Amino acid sequence: MAFFNDAPDRYCTSVPLRVQPQMPEKRERSKAHTSDHLFLAGSPCYGLAVGRRISHSKETNLLGDERRRIVLPRQGRLKVGIGYPNRYHVALSSLAYQWVVELAAGVPGIAIQRFFAPPDCLGRTLEDDTPLASLDLLAWSCSFELDAVNLIHTLDAAGIARRRQDRSPRDPMVVVGGAVASINPLPLSQAVDVFVLGAAELLWPQILELSREEPDRDRVVAELAGRDGYFVPSHHLDGEGRPLGRLRRIEKRDPEMNDPTLVPSSYMVTPNTEYRNRGLVEMSRGCPEKCRYCWVSYNYGKLRCYPAEAILDRVRGLVKITDRVGFVATAVGDHPDLPRILSESRDLGFNVALSSLRIPAMVPEVLAPLAASGARSVTIAPETGSDELRAKLKKPIPNHRILEAVETAQACGISSLKMYFIVGLPGETDDDLAAIGGLLRDSRAIMLSHGRNRGRMGTLHAGCSVLVPKPYTPYSKAPVLSQSEYRRRMSLIEKELKPIDNLKFDRPSYREALWQAILSRGDAQTFDLIEELADHRSLGRLLSEHKHTVVRRAMESVEGEPPWRFISSAPSAKSPALSD
Ligand code: SF4
């Protein structure tokens, strides 16, 4: 997890659900999500219940519903607001957000309050309605590009100028961390004083300590500009918003991974999150694979696992606030001591869930305890239907291995299945798309045979997204699918899926994917578009009005050195657990 947690927005497998990101207006239409689903580690944390409008009486109970492991300090020399550019429900579902709040609470002399995007907080803090403009520092954990507009809405509601050049020294310093900062901070560079590039544990306390001791914000910002791990637009960009040099991300290495005080876990639980009173514990960072579309593998470095004993200590720390625990990471199933951690957690009386499992980790030793804990659904991300294209993605898992994983899950009693696919992959052919239907048909057949024996069929659900080329991945310069080609390919897939009984298929939003791609690869001028959207324009209208400029460019291969390419990737680091 990098600062405020960097969020992979693609996952391999999750138990029980991988949550798809949604735009704010779409979230408002979403149905309340009531099942026992777990948000993913560092995920964009956009939930199906994200848009649920919390009733007035519910809002007044948000604080009262919280059961906390630590108390947040309310007195201190430096007054800090820690926010999330989305609603309370989404923010507190994010272990990353919870972790940066806890890290701040560990720095002496800091008074902490929390805030969220409108309508949950209208420019004021949740705790006692303090105006955000009266605080010394506002920090956002921002995991997903589409939330940039919510950050602007929060500034508007607080009466704080959107652009840093229009703010006075009396306004709070604005800090942003999380995946958005590390993937490409340029689109928000006109609004933000300091971006944090990397691990919160190593970088966030430094900002707080410096700001507590030095009241002159310009001096704080200048000091941070000279340290690794921070992007300070006023120092690191030229007058046109172009980077003046390269900057470094800072990631946790073996010594920090072995420090038991630096294992992120929930500081509170509440029923008002996606996973309802479940405490989360992080298991590892990085990934053993390097899938070519995935930002995680190219930026978090190799898989590094926390020691099992340190993880179990965190689990024990949750005993007084909950009896439900979820383990999160990009590759939870790759922890070498996972069976022991699951078994000891269950011995402590916990109901256990996992976030993401790679397909090779779907073995009985892992799935059986999950099923015993009540998991009834597993999510797999084959990404495409054919072995050939999957190998080109550097995800060399053949269909027969995927079907074995389906079989294992069914045999363990996990009856429902969700599969994720990507359309618009470089080199994708119509045969690859047709093969998606074949893989789903074969999976359905396995589910049917187990369902007959059990006397109950699970549900089969297929989710699909459009490839968003991410900076620093091998696909970073790839064109985004055109809308006409998107329609043609979706029709082809839907024709293949039609004969499959009781299959639920989610068609992705083309507009959201296109907008996300524009933000992912944007420059400092992209902030103008974010402002246009914030000024209550619909996304469709915005994209239509810019179809001959940024939209057209998004559908072309990127030529030359792109503006966002100024942040170094994460270093590789050997896992202490794996090296034993
Ligand atoms: S690189 Fe790792 S986290 Fe990313 S999709 Fe591949 S296996 Fe999953």
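Predicted model: local features only at pLDDT ≥ 70, side-chain atom pairs only at ≥ 80, totals over all residues.
The buried residues of helix α4 are Leu95, Ala96, Tyr97, Gln98, Trp99, Val100, Val101, Leu103 and Ala104. That is nine of the 11 residues in α4, so to speak a mostly covered helix.

I start with α4 for its part in the core. The largest nonpolar core has 163 residues, and Val80, Val100, Ala104 and Val194 touch the most other members. The element that gives the most to this core is α4, residues 95–105, with eight residues. As a general point, nonpolar side chains in soluble globular proteins tend to be buried together.

Now Val80. Which residues does valine 80 touch, leaving aside those up to four places away in sequence? They are Ala104, Ile110, Ala111, Ile112, Leu135, Asp136, Leu137, Ala139 and Leu208.

Some totals for the chain. It holds 23 helices and 18 strands. Of its 580 residues, 53% are buried. Taking contacts between residues at least 6 apart in sequence, 78% join residues at least 24 apart.

Next, two helix pairs. A packed pair is described by the angle between the two axes and the distance between them.

The pair I take up now is α16, residues 399–411, with α17, residues 430–454; the angle is about 25° and the axes are 10 Å apart. Angles under 35 degrees count as roughly parallel, and α16 and α17 are therefore roughly parallel to each other. The crossing of α16 past α17 is right-handed. On the α16 side the contact is made by Asn399, Ile402, Leu403, Val406, Glu407 and Gln410; on the α17 side by Leu439, Asp442, Ser443, Ile446, Met447 and His450. By class, that contact has six nonpolar, four polar and two charged residues. An α-helix has 3.6 residues a turn, so residues three or four places apart point the same way.

The other pair is α7, residues 200–213, and α8, residues 217–225. Their axes come within 9 Å and cross at roughly 145°. Here, too, the crossing, α7 past α8, is right-handed. Ile207, Leu210 and Ser211 of α7 meet Val220, Glu223 and Leu224 of α8. These divide into four nonpolar, one polar and one charged.

How values were computed:
Residues numbered from 1 in each chain as written. Core = buried A, V, L, I, M, F, W, Y, C linked by C-beta atoms within 7 Å. Buried ≥ 20, exposed ≤ 12 C-beta atoms within 10 Å, placed from the backbone. Helix = DSSP H or I, 4+ residues; strand = E, 2+ residues; numbered from the N terminus. Contact = placed C-beta atoms within 7 Å. Axes fitted to C-alpha atoms, helices over the stretch in contact; angles between N-to-C directions. Parallel < 35°, antiparallel > 145°, perpendicular 65-115°, else oblique. Left-handed = near helix turned anticlockwise from the far one by under 90°. Nonpolar A, V, L, I, M, F, W, Y, C, P; charged D, E, K, R; others polar.
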